[in-house]
Amino acid sequence: MGLLSDPNRRRALINLLTRLNAPICVVCYMAGVAWFMGLAFEPFTLRTYMSENAMGSTMVEERFPSGERAVATGREFAAHKKKVSGMPVEWLVKTMQARGLEVYTQRFSRTLPFPDENKERYMVKGTNVYGILRAPRAPRTEALVLSAPCTPGDNNNQAVGLLLGLAQYFRNQIYWAKDIIFLVNDHDLIGMQAWLEGYHHTNTTGMDWSPLQGRGGSIQAALSLELSSDVVTSMDLVLEGLNGQLPNLDLANLFYAFCQKIGVLCTIQGKLQRNDWDSVSGYSHAVQTMMLMVMKQASGRPWGDHGLFLRYHIEAATIKGINSFRQYKTDATTIGRLLEGMYRKLNNLLERLHQSYFFYLMPSLSHFVSIGYYMPAFGLLAVILLLRALDLWVQLATPPPTTEDGIADIEQSSPGVLSVLTPLVISHLTGAALYMLPIRFQEMAVEHFPVSETEAVVLTAIAVYTAGLALPHNTHRLLSGEGTEQGWRVLKLVALLYLAVLLGCTALINFSLGFILALTLVPGAAFVTPHVPKVLSAFVLVILSPACTLLFSVFFFQELQEMPVSFLDGWLLYLSVISQGILDHFLYGSLVYPLIALLVYPCWLLFWNILFWK
Amino acid sequence: MAAHRSCRPVWLFILCSFSLFIIAGSQETTVAPEQHASVLDNPQTAAETAEQTAGESGGVEERRWEGTEVRDAAAQKQAEPAVLQPTPQPKDDFQEELVVRPLHSGDIYASFQFRTLWETDFMRGNKVSHYRLFPKSLGQVISKFSVRELHISFTQGYWRTMQWGQPYLPSPPGAELWVWFQDSVTDVDATWKELTNVLSGIFCASLNFIDSTNTVQPSASFKPLGIGNVTDHRFLRYATLPREIVCTENLTPWKKLLPCGSKVTVFVSLFISQKDTFGIHLCVNAASFSFCVLMYSCCSLQAGLAVLLKSEKLFHSSFHSQAVHIRPVCQDWQCKTTSWELRQTLNVVFDLHNSGQGKREWSLFKMFSRTLTEACPLASSSKIYIDITDNPEGEQFELSPATSLLSQAMVLGDRRTFSVYDLTQQDTFGSVRSLNLLIRWKSTEGDMLRPLLHAERYVAGYGLQTGEIHTLMYNHHPYRSFPVLQLDSVPWYLRLYIHTLTVTSKGKDNKPSYIHYQPSKDRVRPHLLEMLVQLPPNSVTEVTVQFERALLKWTEYTPDPNHGFYVGSSVISSLVPSTVAMDTNSTRERPLFSSFFPCKEESSYFVRVYTEPLLVNLPTPDFSMPYNVICLTCTVVAVGYGSLYNLLTRSFQIEEPSPGLAKRIANVIRKMRGVPPL
């Protein structure tokens, strides 16, 4: 700080920063990207380790014997499901009661804001069934949850069968210290949302549900099971939850430890772990795994039924059984033993899972990148915005050489306030329109155009987004005056600081989203001025806008999943992703859509405005 | 009436029987001769006495129901020489009983009650120093702290009202203590503090954690159960410790308070199983008579129902609750003299699934890994009751050995029928000299019950800033509404917003007719909320109140702060309309003239329901890395803020380099000369 308090040195430093501003920014950007790519390199990452002492070792005996019977129960469930073509509530209630559980049901209904074409549902009505295993001599203060969704078609029957089998086995054990809730939820996430809202008696999304009758106190941890075949080759762990929230890393560690112990192949993002980290292909495998996690986290949607638990501070994960063409198969008994071991360990918990990390990325199941390691990558990108802001600040502070008297200065800067405020307000109004109009005008759009409701919403959103690009003309019509040189500088200064704060906050909550937005928005924001070639820069700016970022992300994600799509398919996928994003917001309270519409898009419009400054 | 068999006669009896055995050699002879004519052969008497009991009905609060006095006839006819010896009439009396209730769910509920009555006055000037059946440790507590009533319970688990119905003696999870002091006590708070510490030692429990932050003085919910009508709640203290874990270390001191409950030596416990399984025959066959006598003399201190109190079985259950109640009661109906009643109760529910291995059957041996061979010699009455109300024709379960001795009593508003086994009768033990009751289930239905009053509680909301406590009270009565008294004691770190208190039933606002609220003081006392609410028939009444979670000082967190903080059960006390009064066909069995106006005693009964305790997470700092936190904060504050503030406020000037020594000297000289300095 002595450096700054000495005016001479301060001047020298500022000179240096302003003179070398552009090269420093470029270097920072490169360094940021390089740092991020380095995160997946195994020597730079940490090995996972169990932090929670209560779950320290895997020394429990797993004795679950009845995998075959569980699979048979699953078949029975499938038959009943087919018979009633939906959730076989009565059968489930009876079966759970026969296993000695306290059984309750919850009815719920929800009308979506517009039809969901992916899952083909609009007016959803369903029933959740759950049975509580009361722990002996426990005062109903703590509970664990095991859930399996009841999905239409032939999926997930084995999961329900295994859930019932585990319930029967668990019921005969004496060692439980926490109540265990076995939940079969209807209509996957909507049912789960209804159940969680009912359990905690909140209503965040305007759903109708009947109140719950039985509870087990505060839920400590939850696992959601997805299993669609009698035997599996590997178990996949899904962590990403609503708004990019992740469960405590110890839950992943627990899963990994028991997979190792029992000898089940385990994957994350569907990718097996590889040992050849020093080879190029090994490294690119790790990068792929990590990038998949980043993309999924950035989407802000729950990637499994566990995703909604995280809002209630309940550590949760989804475990998926994957059946591929590999030779080595694992049967239901082994999966049951895996779950038994995990639940016995969770049962031992004295406190909530809190010892390990909540913010991390995983390039493989055995390695993780903690917040301390990945944050600098974002910091290097964000510092560019601050450097550019400093540069502008210095330029604004030094009096322009042409006018020497103070009066001229004041006259020049006084329209500045208005010229800053007007684009700010207008761009935010556009953002608000982008947020409100698609849902409001879907009926009108359906009446006047030959499209379905879903298409109407998505196309309205795209139309509003595109219409916003005409903003500079509107602003200037309102201003009815020439924008000054000072004016755009002030506007850009404000916009840069705004973007820096915005991205900083986003990255703190959801690093992946913040980083991806920074990656695309920062270059445009840093170098846009009214004096660059218009057409070329306009093209670059549009390419780097949030909507195009989403489009590229869709293609990139497909590429990562090794399921590349043609452009037309990609475009259709893009449209459905937009509609899913809007639905996620209205159904589960995901914040990505309002964040983009209300804050990021208006911020980007400010830079668009600067480009067309007259 | 009853022959109070004390230790000495028993000795004589034992010695007699030993000599008999030695004479008879290995031949098995029955000690109990034909003189043991029992009521079993006389069903008429049983029916008569049953009716007599049914007519009686206990008080509203602590319903004490009399067993049939079947002992009299048998005892009089007993022709053993030992009993005929005159004994001085003792002023104390000990009774023990075990009630077994097969539950709908297939589980089984066993409730022990041990009652010691002593006609003495602890409060008199002269000290009571001679103790016989009454435990000295408790007697001293009563006299030292001027206790009028003391109720303490230790419970592990939560009573599942919906599956098990109402318990005979309700208690909340954890420890509960409430005490009425004599009005002669001047400093109640100090006495209470001292008392809790003493009790903590007696029962090996963490009762010393009771302090002003979890003690309340309920104004209406806890009235004295004994005689005396002082109801000034200044002399009442009530506290719960929902976190208390009850284990064998609490059971042992509790057992030691029983006259027939304690084991004397480790040696005995080693042989205890042998004694039970083989009995004295083994000893005789082994021809080591003296050894037998030694063993028996030690064992005889644990006899009667206390034999069944084996901790490894009692804690292998779904619910475990033990309690001690002390109160003054009337000695006779005129209430000329009072005596002290010590009632020790133990309630256990055994789980069908955990120990049944698929078979739906229960026996004393399976439940307690013991069978009964004798009554406690010190007990004036020792009985086992099996609730067979739901099983009149034996279609639900089968009971063996069968007994024709029946008893009826009004329990919790319902007329229940019990099979009675009198342990003071040798016949009860049959030819094998041990009683192993067996209940074999026939049907397999296990429906949820609909108890008339039922309550549950939970915390609503998410996040660590605010929350809402919901209490649901169910009135399942089809047409009667009844008032309930709700008592909530909430720790200070949940700051209740009492203006958000709402009481709704059937979607309408339900205004409580009485509210007593005492706001909390941080770190001094908890919130106390008592309400009298009328529950409409067949309805759910919901009480909600919002709260804010306080940020504690860092030393106030428990060692496991992320576990959460407990809020004790809320207590719901009520006079519930009884099911007997609900029964419109009750006129069928009774004479018409007796049944036009509802009898007050039978029309309602007292019930206390405890809700589950709550576990609430408070905002908790990350204790795992205090060092990092302190370092980081200090660095940010010292370096970042300090320098920035410095930069913003200070104006900078370029300073002249300090003048050299020669110049300074020159300036001094110039100053002396009066010339301006250089």
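Leaving aside neighbours within four places in sequence, K492(A) is in contact with R388(A), L392(A), A525(A), A526(A), F527(A), V528(A), T529(A), F607(A) and I610(A). The model is predicted. K492(A) belongs to helix α16 of chain A, which spans residues 485–509.

Although K492(A) is buried, this residue has no salt bridge. The nearest side chain of opposite charge is that of D391(A), 7.6 Å away.

## Extent of the interface

Chain A and chain B bury about 3400 Å² between them, and 55% of this area lies on carbon and sulfur atoms. Of the area that chain A buries against chain B, 20% comes from R137(A), R140(A) and R171(A), more than from any other three residues. The contact involves 38 residues from chain A and 38 residues from chain B.

## Polar and charged interactions

Two salt bridges are counted between chain A and chain B. A salt bridge joins the side chains of R140(A) and E612(B), with an N to O distance of 3.9 Å.

## Composition of the chain A side

On the side of chain A that touches chain B, at least two residues each are supplied by α1 (2–5), α2 (7–19), β2 (102–116), α7 (188–200) and β7 (218–226). By class, this side of chain A has twelve nonpolar, 14 polar and twelve charged residues.

Technical notes
Residues numbered from 1 in each chain as written. Chains lettered and ligands numbered in written order. Predicted model: local features only at pLDDT ≥ 70, side-chain atom pairs only at ≥ 80, totals over all residues. Heavy atoms only, no water. Contact = heavy atoms within 4.5 Å. Buried area = accessible area lost by both parts, 1.4 Å probe. Salt bridge = Lys/Arg side-chain N within 4 Å of Asp/Glu carboxyl O. Helix = DSSP H or I, 4+ residues; strand = E, 2+ residues; numbered from the N terminus. Nonpolar A, V, L, I, M, F, W, Y, C, P; charged D, E, K, R; others polar. Buried < 20%, exposed > 50% of the residue type's maximum accessible area, 1.4 Å probe, protein only. Lys, Arg positive; Asp, Glu negative; His and termini not counted.
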